[in-house]
Amino acid sequence: MSTLELTKENFDEVVSSNDFVLIDFWADWCGPCKMFAPVYDKASDAHEDLVFAKVDTEAQPELAAAFQIQSIPTLMIVRDKVAIFAQPGALPAPALEDVIAQARAVDMDEVRKSVEKAQQGS
């Protein structure tokens, strides 16, 4: 599957219509981003059931600000409209595979209960 380019116009639609979205926040001038890009693209080919997307932080500063992205690349994983993982830094391929496996294993019912509990407490 090809990697989608996320913009402020299509972000909500992509995240709400897909159960599992990986998002790479990046910029063209960023050396580590360029090193991570082929690793990310290869993972997108290996995991065709998942949505791989990219946010160019230079072209989409509103999205970067909304997610408080302070260093790039930052990888974020959204499952069932909940961000369950966010980490800056270029990951090597084995680490990215491990993160994907861990994210697949997350019990989203438990996550929803935790989110609901936190919202009730505030």
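This is a predicted model: local features need pLDDT of at least 70, side-chain atom pairs count only at pLDDT 80 or more; totals for chains, interfaces and linings use all residues.
Residues are numbered from 1 along each chain as its sequence is written, and side-chain values use heavy atoms, with hydrogens and water left out.

Helices (H or I, at least four residues) and strands (E, at least two) are DSSP runs, numbered from the N terminus. Helix H4 comprises the 13 residues 93–105, which at 1.5 Å a residue should span 18 Å, and the 19 Å between its end C-alpha atoms agrees with that value; the expected span is 1.5 Å times one less than the number of residues. Within H4, the residues Leu96, Val99, Ile100 and Ala103 are buried, and because they cover an arc of only 100° around the axis, they lie on the same side of H4. Here the arc is that of the directions from the helix axis to the C-beta atoms, and a residue is called buried under 20% relative accessible area, exposed over 50% and partly exposed in between (1.4 Å probe, protein chains only). On the face of H4 turned away from this buried side are the exposed residues Pro94 and Ala105. The elements that cover the buried residues of H4 include strand E2 (20–26), H2, strand E3 (51–56), strand E4 (74–79) and strand E5 (82–88).

## Phe36 and the aromatic pairs

Phe36 belongs to helix H2 (residues 31–46) and, with a relative accessible area of 1%, is buried. Once its neighbours within four places in sequence are set aside, Phe36 is in contact with Asp24, Pro73, Ala90, Leu91 and Leu96, where contact means heavy atoms within 4.5 Å. By comparison, Phe36 and Val15 are 21 residues apart in sequence and 22 Å apart in space, C-alpha to C-alpha.

Rings of Phe, Tyr and Trp (its six-membered ring) count as a pair if their centres lie within 6.5 Å, with planes under 30 degrees apart called stacked, over 60 edge-to-face and the rest tilted. By this rule the count comes to 4 aromatic pairs, and two of the pairs share Tyr40.

| Pair | Geometry | Centre to centre | Angle between planes |
|---|---|---|---|
| Phe36 and Tyr40 | tilted | 5.6 Å | 45° |
| Tyr40 and Phe52 | edge-to-face | 5.1 Å | 70° |

Phe36 and Tyr40 are separated by about one helical turn, because they are 4 residues apart in helix H2. Tyr40 is buried at 0% relative accessibility, and its pair with Phe52 links distant parts of the chain, since Tyr40 is in helix H2 and Phe52 in strand E3, 12 residues apart. Phe52 is likewise buried, at 1% relative accessibility. Elsewhere, Phe11, Phe25 and Phe67 form one aromatic cluster.

A ring also takes part in a contact with a charge: the charged end of Arg104 sits over the ring of Phe20, 6.0 Å from its centre, the criterion being that NZ of Lys or CZ of Arg is within 6 Å of the ring centre and within 35 degrees of the ring normal.

## Glu5

Glu5 is found in strand E1 (residues 4–5) and counts as partly exposed, at 38% relative accessibility. Apart from its neighbours within four places in sequence, Glu5 is in contact with Asn10, Trp26, Lys54, Val55 and Asp56. For Asp56, the backbone nitrogen lies 3.4 Å from a polar atom of the Glu5 side chain. Glu5 and Asp107, which are 102 residues apart in sequence, are 28 Å apart in space, C-alpha to C-alpha.

## Backbone geometry in the loops

Most residues other than glycine have a negative phi, and most peptide bonds are trans. A cis peptide bond, with omega about 0°, joins Ile72 and Pro73, and Pro73 lies in the loop between helix H3 (61–66) and E4. The loop between H3 and E4 also holds Gln68, which has a positive phi of about 55° although it is not a glycine and which is exposed at 65% relative accessibility. Asp80, in the loop between E4 and E5, has a positive phi of about 50° although it is not a glycine, and Asp80 counts as partly exposed at 29% relative accessibility.

Notes
A polar contact is a pair of N or O atoms within 3.5 Å; within protein, one must be able to donate a hydrogen and the other to accept it, and residues adjacent in sequence count only if both atoms are side-chain atoms.
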